[in-house]
Amino acid sequence: MDPDIQKMREVVLVYLDRSGGLQKFVHDCKIYNDSKQSYAVYRFIISINPSDIAELDATLGNYILHNPLQAAQIFQSVCFVAIKTLSLIEQLQTEAQISILLKPTHLPPLPSYVLSLSAYPFNYTSQRFYMSEGIVIAMGTVIKYTQGARFLCTEETCPFSEGRFRCIRVHCPGATESATVRTDFVCSLCASPLQEDMKFRVLGDKQIVEMIDAKILNALKGYSIDKSHFRIQAFTLFLRDELANKMTIGNHYRIIGIPACVQNGLQMTACIEVNSVQLYKPSGPSFVSENFKYLLSLTSSSCWRFTAVLANIFASQVVPPGTYNTLKLAILLSLVQTCEKENADYLDLLIMTSDPLVIDRLLNYSLCLLPRGIRHPPSSDIFPSVSKDKHGTGSASIQACSAVLAKGGICYIGDLSSYKKDKLELLQSVLESRTTTVFIPGKKYGEEADQQVTVAVQTNFWSFVDVDSSSKKHIQKENFLIGQMDVSLIPVNLVDGFGLLIYNEFPSSRLSSPVVHHTLKKAINPEAMLYKVSQQFRTQDYEEFILFARNLHVELSSEAESLIQGFYLASRRVRRDSIHGSTLSASALKILISLAKAHAKLSLRQRVLEEDAVIAILLLESSLTLKHGTSPLCVAPNPVFPFDLSDENSLQQRDIYLMQCHHQLLKFISAYSPGIHINTNEE
């Protein structure tokens, strides 16, 4: 025996004893032994810490990292001796029946252990451990594969024809089903054909997953600051046994696995046999730029000024400062109200506009402030679809889509009036439940029964409607209420599904000149910085600010909660008709809370104040007025930004105006919701 191999076996035994792996191995053996059933293959999972192994023996550590299949054979022989010595499994006959799966806890943080999914060449020939990361874009259903099988020689006089476990086939990383089980194997002793003993076939679960480099997100944005070019290609993962269903479509994962090359007919497919899976959540920045800190200190005298200035100067690369302030504030609120939690506070935007080109540019620009801002291409599906697996299994594969890839971010779906009725109905269902159901017909995909898979949709939706274009497609309604807008082209329930409805007219003659000048100058020199504020507050600064603000954990104060509840109850009473009852949707309360929390985050506060609730109520009341007409609260057409913000005096005037709105709101609540107790200055 090779002395190096013998030494590594001794080190393996020492490591298993010290790490607790031996105790777990004995426990697993007891489960097999208690079953009193003979298996062709006994499968064991052994967790390996490469650092600890390398400290015990550098040769063994190197062997595990760079020759994992051969290293597993060393563990196999040690485990076989342990089983026989301690009589752990009475049914076990040969060493070949033991299948060892080594699972490293981590890999050395060195470039040579990272497999880049966008770099060339893709090193799939060296069967060793690599670490990689990416986003799941397709998932197959769980199917069965053969872990191992016993074969007997068909020649009766051959010793291998007896009922012992001499000819065992075990699955290896990257191997297809035909490599483990087929009919052309021959006996190594007499060269006669081998026949499988079907009683001892061991089956396991297998799932095929498609993964792609996270750089794909940059390619799916409507506008990108990064002008670099890169190659992106999806690749295949095999999840087996305990790893099946450990991944969720749309999530970002780090994996450790062994690359391989699988032949499917005339095609060769590079794949990775996954060994371990870890959900990857990039941490956001722990700071904001000094300019934002200075701006926050300058506006600290009022809870409304900081967000007002933010909205005023936001996206100066696309539109002049001071234009589209209400829309820009709504965009910022929606951006900070993004996360991947199941019970998140969503904030969807539907914009009615007569200037779709500028609005489209503004929304495209805003997408890039988030890692997951997706511009939905009209040629693809918004929600998941089903197709046949391309690896020859015949099973179903669920394909990701814009809404799933935008998980924890924004999905911008463009002009809502361009979608057909069935797509709009599906969108409405998703906005209400934040889930979508994928139907998989069993007959078509080789299953006994039909399946329904529910996929979570955790993203904010942005869309717009061109009022000039849509008015030509249908007959406008008559007898509008005061302040009400014609949105009859879009189903009423779908309009209610969006958190905010915003009407942005083309800027008046007073504002159109700056917009026209800005557009012309940008057309001549796209890289030009037209305003000083664009240099002081760069796009990168806004990216860091949004990522920092959205990770803030905010709590609702009792004062803000009372104000929101009072407005909600009062609005339900005044917005009623004799046929349908209250016209205020049940989701309005959630939208109010989401808006208030978003304004607190945008103000870099962790507590929602009454001032935040006032902004939330004014924005929602403006949206409700567009949908259903004005109410006794009677807010102005542009209640959050009633006039231009040009200097500190204009900010002071806005504060006075908002305080008056607050006082008017208290009167409205006391008149139409007298059961709610609100603390007022008079008290």
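Tutor: Helices here are DSSP runs of at least four residues, numbered from the N terminus. The model is predicted. Keep that in mind throughout.

Start with a pair inside one helix. Asp 34 and Lys 30 form a salt bridge, with the closest N and O atoms 3.0 Å apart. Both residues sit in helix H2, which covers residues 21–35. They are 4 residues apart, so about one helical turn separates them. Asp 34 has a relative accessible area of 46%.

Glu 242 and Lys 103 meet through their side chains in a salt bridge, 2.9 Å from N to O. The two residues are 139 apart in the chain. Lys 103 belongs to strand S2, residues 98–104. Glu 242 lies in the loop between strand S8 (235–240) and strand S9 (252–264). The two ends fall into separate accessibility classes: Lys 103 is buried at 15% relative accessible area, whereas Glu 242 is partly exposed at 29%.

This pair also belongs to a network. Salt bridges link Arg 43, Lys 103, Asp 241 and Glu 242. So read the Glu 242 to Lys 103 contact as part of that network, because both residues are in it.

A further pair joins two strands. Glu 133 forms a salt bridge with Arg 254, and the closest N and O atoms are 3.1 Å apart. Glu 133 is in strand S3, residues 130–140, and Arg 254 is in strand S9, so the bridge ties together parts that lie 121 residues apart in sequence. Both ends are partly exposed: Glu 133 has a relative accessible area of 29%, and Arg 254 has 34%.

How many salt bridges are there in total? The count comes to 24. The pairs above are among them.

Next, the backbone. Most residues other than glycine have a negative phi. Two residues here have positive values. Ser 87 has a phi near 55 degrees. Its place is the loop between helix H5 (68–86) and S2. Ser 87 is exposed, with 54% relative accessible area. Asn 245 has a phi near 65 degrees, also positive in a residue other than glycine. Asn 245 lies in the loop between S8 and S9, and that loop also holds Glu 242. Asn 245 is exposed, at 55% relative accessible area.

Last, the cysteines. Where does the search for disulfides end up? Across the whole structure, the search finds 0. A disulfide needs two cysteine sulfur atoms within 2.5 Å. Take Cys 187. The closest cysteine sulfur to its own is in Cys 158, at 3.8 Å, which is too far for a bond. Cys 187 is buried, at 3% relative accessible area. Then take Cys 411. Cys 411 is buried, with a relative accessible area of 0%.

How values were computed. Residues numbered from 1 in each chain as written. Predicted model: local features only at pLDDT ≥ 70, side-chain atom pairs only at ≥ 80, totals over all residues. Heavy atoms only, no water. Salt bridge = Lys/Arg side-chain N within 4 Å of Asp/Glu carboxyl O. Buried < 20%, exposed > 50% of the residue type's maximum accessible area, 1.4 Å probe, protein only.
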